[in-house]
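Please keep the sequence and the model in view while reading.

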Amino acid sequence: LATIRATSRNQTHPSTRIKIHAEKDRRMLTRLEIDGFKTFENLTIDFLPFTVVLGSNAAGKSNLFDAIRLLSLLATRDVAEAVKDMRGEPLELFRLTPSGRSTQIRIAAEVLVDPLVRDPWGSEVKITHTRLRYEVTLERRQTKPGIERIQVARECVTPIMRKDDRWAKAVNPTKDFRSTYLKYTRLKPWLTTDETDEGLAFSIHQDGKQGRNRPASAAEATVLYSVTNAEFPHLFALREEMRHWRLLQLDPALLRRPVPATASDMLDADGSNLAAVLTQLKAETASAEKPDGVLSDIAAELNHLIPGIAHLDARLHEASREYRIELTMRDGLPFTSRVISDGTLRILALLTLLHDPRHRGLICFEEPENGVHPGRIKQLVQQLRDIVTDPAEYDAEDNSPPLSQLLLNSHSPVVLSALVDANLRPVDGAVLFADTAVVTDPARKEQRRKTRLRPVHSRPQASLFGDAANPQGIVSDLEVRKVLDTVAAEG
C-alpha cells in the first residue's frame with residue numbers, strides 16, 4: 001500500500017498549515033462491513049485517511065454515507081430517534097430483495113481512537129488500546145400484533161491485536177505515529193452479547209473494574225449511547241470517535257441565509273449556521289498580526305480555487321441580531337452570502353470545517369466538484385488531500401491541523417484524473433469504484449442487485465487492496481481508462 005502514495009508529495013500550500021492552538025487528535029474509520037442495509041449485502045471495505053468513492057448516480061455512494069451516519073447516530077441517540085433522522089422511512093433502511101425485506105441490519109466498524117479521552121466534565125483518561133472493532137445488529141421485531149419496532153439484537157466491542165492489524169501495517173506509519181497512536185495492550189472484549197439464564201444480555205467488561213449487565217431482549221438503544229463519561233474509557237473513546245463523524249449535506253439555500261444569534265457555532269450538516277461558525281472562528285483565532293484569524297487562511301485557499309476573492313469576513317449584525325458573511329473581491333466590491341454562488345458557498349463551508357480546530361475525525365462530503373470550474377478540480381483535490389493526516393508522514397513536532405480523515409464521493413471523471421498517476425495508480429489515498437452487480441441465489445431461486453465498492457489498487461499484493469482481501473474484485477486499468485476518456489466530454 002505504500003506505493004499508493006506519490007513518491008514525492010506536492011508541497012503543501014502554506015495556508016493549509018495553520019498555527020492555532022488545538023489538540024492534535026487522530027481518529028479514523030479504517031474498515032466498514034455492512035449487510036442488510038439498503039443496497040448492501042456482505043460488503044467489506046477498507047479506508048485510508050483520504051478515500052474517494054466514484055460512481056454513477058444510483059450506484060450506492062450515498063448509501064455508504066448513510067451507513068456511516070447511522071452508526072454515528074446510534075452512538076448518541078436511541079434507535080427510534082436515530083432511524084427517524086435517516087433518509088427515507090425506517091423500514092426502507094432494511095435491504096429489499098425479491099423475497100422481501102431483510103429483518104436485520106449488521107454493521108461493523110474498525111477504528112483508531114485517540115489515546116487521550118476527555119469527558120464533558122473535563123475528566124481525562126489515557127487509552128491503553130487504540131484499535132477497536134465495533135459490531136451492532138439492528139432487528140425488526142413485532143412487539144404487539146401489527147406493531148413493529150427496531151431494536152438492538154447484538155452489540156460488541158473487541159480489541160484489534162497488533163498481529164491482526166492489517167491497516168496499521170499497510171499505511172506504513174512513522175515511528176512517531178506508532179508510538180503516539182498505535183497502542184495494543186488489551187486481550188479481552190470490552191462489550192459482548194451473552195446468553196444468560198434470563199436470556200440475552202449486554203455485558204461490559206472494562207479495565208479491571210466491575211462490569212455491568214443489561215438485558216438485550218428489547219433494547220431500544222445501544223450500550224454506547226449510555227456511556228456518557230470516562231468511567232468506561234475505551235467505550236467512551238469509541239462513542240466520541242463515532243460522535244465526531246460528520247456528513248456534510250450542504251444546502252446552498254440555507255448557506256446563504258443570515259443566521260440567528262442563537263445558532264450553534266459547530267457546523268451543522270446542512271451548513272445552515274455557517275456564518276455563526278465563521279464568526280466564532282474569527283473571534284477564537286484573531287491576533288494583533290492577523291485580526292481576521294483563520295478567516296484569512298480560508299479566504300486565501302478559496303481564492304486559489306475561485307480567483308478574485310480578496311477578503312472574507314463574518315460578524316454579528318447588531319440591528320437584526322443575525323450573523324452574516326461577506327466576501328470582498330479584488331475590485332473592492334463586497335458581496336453578502338445572499339448573492340454568492342452555490343459552488344462558492346459549498347467550498348467555503350468545507351474549508352471552514354477543515355480549518356476548525358474544534359473538529360476532529362472523519363468528514364464525509366458529497367461531490368466536491370459541484371460549482372467548481374473543471375480546470376480547478378485537480379487543485380481542489382490536492383488541497384483536500386494535503387490537509388488530512390498521513391500516518392507515513394506524521395511528525396510529533398509538526399503543528400498540523402487536527403483533521404484526521406476525509407471521505408469523498410463523486411461521479412466526475414475529472415476528480416478521478418486528479419487521483420491517479422500516469423500508470424493509473426492512486427496517489428496519496430484510496431480510490432473506490434461504486435457500481436451494482438447481480439447476485440444469483442440458487443437456494444432462494446432469485447437474483448438480487450447489490451452495491452459493490454471495488455478498489456483501484458497499486459499492486460496485486462497490496463495488503464489491504466489485493467485480490468485475496470477483496471472478493472468483490474479489483475478495478476482494472478481498462479475500467480479506469482474508460483472513465484478517464486470521458487474527461488474531455490465533461491470539461
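**Briefing on the structure**

Leaving out residues up to four places away in sequence, K61 touches V53, L54, G55, S56, N409, S410, H411 and A434, where contact means heavy atoms within 4.5 Å. This is a predicted model, in which local features need pLDDT of at least 70 and side-chain atom pairs count only at pLDDT 80 or more, while totals for chains, interfaces and linings use all residues. Residues are numbered from 1 along each chain as its sequence is written, and side-chain values use heavy atoms, with hydrogens and water left out.

**Overall architecture**

- The protein has 14 helices and 22 strands; these are DSSP runs numbered from the N terminus, with helices (H or I) of at least four residues and strands (E) of at least two.
- Of the 491 residues of the protein, 56% count as buried, a term that means under 20% relative accessible area, with exposed meaning over 50% and partly exposed in between (1.4 Å probe, protein chains only).
- Among contacts in the protein with a separation of 6 or more, 65% are between residues 24 or more positions apart.

**K61 in helix α1**

- K61 is found in helix α1, which covers residues 61–74.
- K61 counts as buried because its relative accessibility is 6%.
- The side chain of K61 reaches the backbone oxygen of G55 at 3.0 Å.
- K61 and F433 are 372 residues apart in sequence, yet their C-alpha atoms are 9.2 Å apart in space.

**R133 in strand β9**

- R133 lies in strand β9, residues 131–144.
- The relative accessible area of R133 is 16%, and R133 is therefore buried.
- The side chain of R133 makes a polar contact with the side chain of E110 at 2.9 Å and another with the side chain of E135, also at 2.9 Å.
- A polar contact is a pair of N or O atoms within 3.5 Å; within protein, one must be able to donate a hydrogen and the other to accept it, and residues adjacent in sequence count only if both atoms are side-chain atoms.
- With neighbours within four places in sequence left aside, R133 is in contact with E33, A108, A109, E110, C156, V157, T158 and I160.

**Helix α6**

- Helix α6 (residues 233–243) is mostly covered, as 10 of its 11 residues are buried.
- The buried residues in α6 are P233, H234, L235, F236, A237, L238, R239, E240, E241 and M242.

**Helix packing around α10**

- The axes of helix α8 (residues 274–285) and helix α10 (residues 342–354) come within 11 Å and cross at roughly 45°, so α8 is oblique to α10.
- Axes are lines fitted to C-alpha atoms, for helices over the stretch in contact, and angles run from 0 to 180 degrees between N-to-C directions.
- Angles under 35 degrees count as roughly parallel, over 145 as roughly antiparallel, 65 to 115 as roughly perpendicular and the rest as oblique.
- The crossing of α8 and α10 is left-handed, meaning that the near helix is turned anticlockwise from the far one by less than a right angle, whereas clockwise is right-handed.
- On the α8 side L274, V277, L278 and L281 meet L345, L348, A349 and T352 of α10.
- This contact of α8 with α10 has 7 nonpolar, 1 polar and no charged residues; Ala, Val, Leu, Ile, Met, Phe, Trp, Tyr, Cys and Pro count as nonpolar, Asp, Glu, Lys and Arg as charged, and the others, Gly among them, as polar.
- The axes of helix α9 (residues 295–305) and α10 come within 10 Å and cross at roughly 140°, which means that α9 is oblique to α10.
- The crossing of α9 and α10 is right-handed.
- I298, E301, L302 and L305 of α9 make the contact with T344, I347, L348, L351 and T352 of α10, and the residues divide into 6 nonpolar, 2 polar and 1 charged.

**Loop residues with positive phi**

- Most residues other than glycine have a negative phi.
- N42, in the loop between β1 (28–35) and β2 (43–46), is not a glycine but has a positive phi of about 50°.
- N42 is exposed, with a relative accessible area of 55%.
- D428, in the loop between α12 (413–417) and β21 (430–441), is likewise not a glycine and has a positive phi of about 60°.
- D428 counts as buried, at 9% relative accessibility.
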